[in-house]
Amino acid sequence: MATLGGVKEMRSSSGRDGAWVMVEFDFGKSVSVLRLEVREKMEQARTLLPEDLKDYFIFTFDSNDIPIMVGRISAPGRDLAGEYDLLERRILNPMRRVDGVGRVEVDGVSPKEITIYLHLDKLVEHSVDADRLFRLLQKNNVDFSLGRVFDSGRRLAVRSLGRFRSIDDVKNLAVNTSGIRLKDVADVVYAEPAPNYYRRLNGEPAIAFEIRKASGANIVEVSDGIHDVLERIARDPALDGLEVVLFFDQADDIRQSLNGLLQSGLVGSLFAVGVLFFFLRRLQATLIVAIAIPFSVTATLVYLYLTGHTLNVLSMMGLMLAVGMLVDNAIVVLESIFKRREEGESALESARTGSREVAMAVTASTLTSVIVFAPIILSGGNQLTLFLSEVGVTISVTLILSLVVCLTLVPLLAARLKIARGRGEFAFLSRLRGLYGRVLNWTAIRHPLLTGVLFLPIIVALTVGAAKLTGFGPADDDDTTGMKQNNLYVRL
């Protein structure tokens, strides 16, 4: 396995009944290709393995293997261990038929199976070869297709029925040439396997079930379908007294996350518009600047749809973060247009010259914000950068589209709308601007060296204090173990 390309880590463990070999590859490799390469290496090493090795199994980890719903089935005062057929027919199979469900696994109850308990003394007494007995059981439990027979223009399919049809067929299997039957040297039992652990719900015996979605299925839609099935199960008279409880539903977490981000984005947008109106004190001007928010967000959603991206928690987080940055360019362009208009230019001319005058500045400002996310978007290598790239792509596209809006739509509205003159800024803002000018004149202009010497240790102290107060620091290597991908296991 070590000769495979891109191996990041290997671990193995052995026991009396088998061995595990775990191979972790670099992030981003195709699991399907890796599976073929591992199987080829296993076949090459097969001759080096012990002769009594029965078989090996290859398992790959996929996000679809994570259950999206987990629940329990219980019946107060009633043990469900022997009712697998009823549970499968009335509960499990309806869940499996829901669109998008890949697998429904049940734990705590099993279908009946045939168990053969061999008696060593009787095997020795009747000279029965145990190894031959095992091969005999396997060969006599298979149906074969023998081909086709044509008779009077009819085509008939011929099969050899060798599979056991009943428990008596197993008991009466001849195990040697002396006419000894399996029931003479073993106990043959057809029953539910004895459980080696138990689950309980509110103190009552319970059955666990897990639901996994099919590849490409929508978790929320699958969850809605399962809830519809559970409602029908609750009305089924054959299941009277049974209680089905869901204590984990991934769709609920998704809905809560999306709703929380949506509410935060809406509240943030309202606050942004409120702050604009507080400083501009002109309703039409505020609306012109605020219109960049819905136009840019809508255009970003169109881009995500056309490029195959999904509206998930990460992309919505990017939209929420970009909302506060959308209005910056529009404010600069609008102020430049108003400045030209106050100088006596017409509405159309001020919109043309004002937007052209700051076009290079707002473009450079936007690109400097976008270029920060370029290393995250373009680089790969681990799951963290993949997650951050979702946020980075959304923010970058939103900012670029807001630049287009502020250079096209904002000048158009400024030229066409008759904007009333504002009431002037608040008195405390004028005093604050004057104070800022005096402080800036004393620090940055008259005493720049002294300012740098004084402010540098203050900034460092505040940064260190904030890091200690919030517990922010570099992540430990052990904290990233839950983010490993491309794991491939070989079971011997």
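Is K213 buried or exposed? K213 is buried, because its relative accessibility is 16%. The cut-offs: buried means under 20% relative accessible area, exposed over 50%, and partly exposed in between, with a 1.4 Å probe and protein chains only.

Some ground rules. This is a predicted model, so local features need pLDDT of at least 70 and side-chain atom pairs count only at pLDDT 80 or more, while totals for chains, interfaces and linings use all residues. Residues are numbered from 1 along each chain as its sequence is written, and side-chain values use heavy atoms, with hydrogens and water left out.

Back to K213. K213 sits in strand β11, residues 204–213. Helices (H or I, at least four residues) and strands (E, at least two) are DSSP runs, numbered from the N terminus. The K213 side chain comes to 3.4 Å from the backbone oxygen of A217. That is a polar contact: a pair of N or O atoms within 3.5 Å; within protein, one must be able to donate a hydrogen and the other to accept it, and residues adjacent in sequence count only if both atoms are side-chain atoms.

Next, helix α4, residues 130–139. S127 lies in the loop between α3 (120–125) and α4. Its phi is near 55°, a positive value in a residue other than glycine. S127 is exposed, because its relative accessibility is 64%. Then comes the cap. D129 caps the N-terminal end of α4, with a side-chain oxygen 3.1 Å from the backbone nitrogen of D131.

Inside α4, L133, L136 and L137 are buried. Seen down the axis, the buried residues of α4 fall within an arc of 100°, so they line one face of the helix. The arc is that of the directions from the helix axis to the C-beta atoms. A general point: an α-helix has 3.6 residues a turn, so residues three or four places apart point the same way. The face of α4 turned away from the buried side carries exposed Q138 and K139. The cover over the buried residues includes β6 (113–118) and α6 (182–185). Contact here means heavy atoms within 4.5 Å.

Now a helix pair. How do α8 and α9 pack? Helix α8 (residues 250–280) and helix α9 (residues 283–290) pack at an angle of about 145°, with axes 9 Å apart. Axes are lines fitted to C-alpha atoms, for helices over the stretch in contact; angles run from 0 to 180 degrees between N-to-C directions. From α8, V273, L276, F277 and L280 meet L283, A285, T286, V289 and A290 of α9. That contact divides into eight nonpolar residues, one polar and no charged. Ala, Val, Leu, Ile, Met, Phe, Trp, Tyr, Cys and Pro count as nonpolar, Asp, Glu, Lys and Arg as charged, and the others, Gly among them, as polar.

On to helix α12, residues 347–371. T366 is in this helix. T366 is buried, at a relative accessible area of 4%. Leaving out residues up to four places away in sequence, T366 touches N329, L399, I400 and L403. S355 is also found in α12. S355 is buried too, at 11%.

Last, V106, in strand β5, residues 101–107. V106 counts as partly exposed, at 23% relative accessibility. Beyond neighbours within four places in sequence, V106 contacts Y84, L92, I207, A208 and F209.
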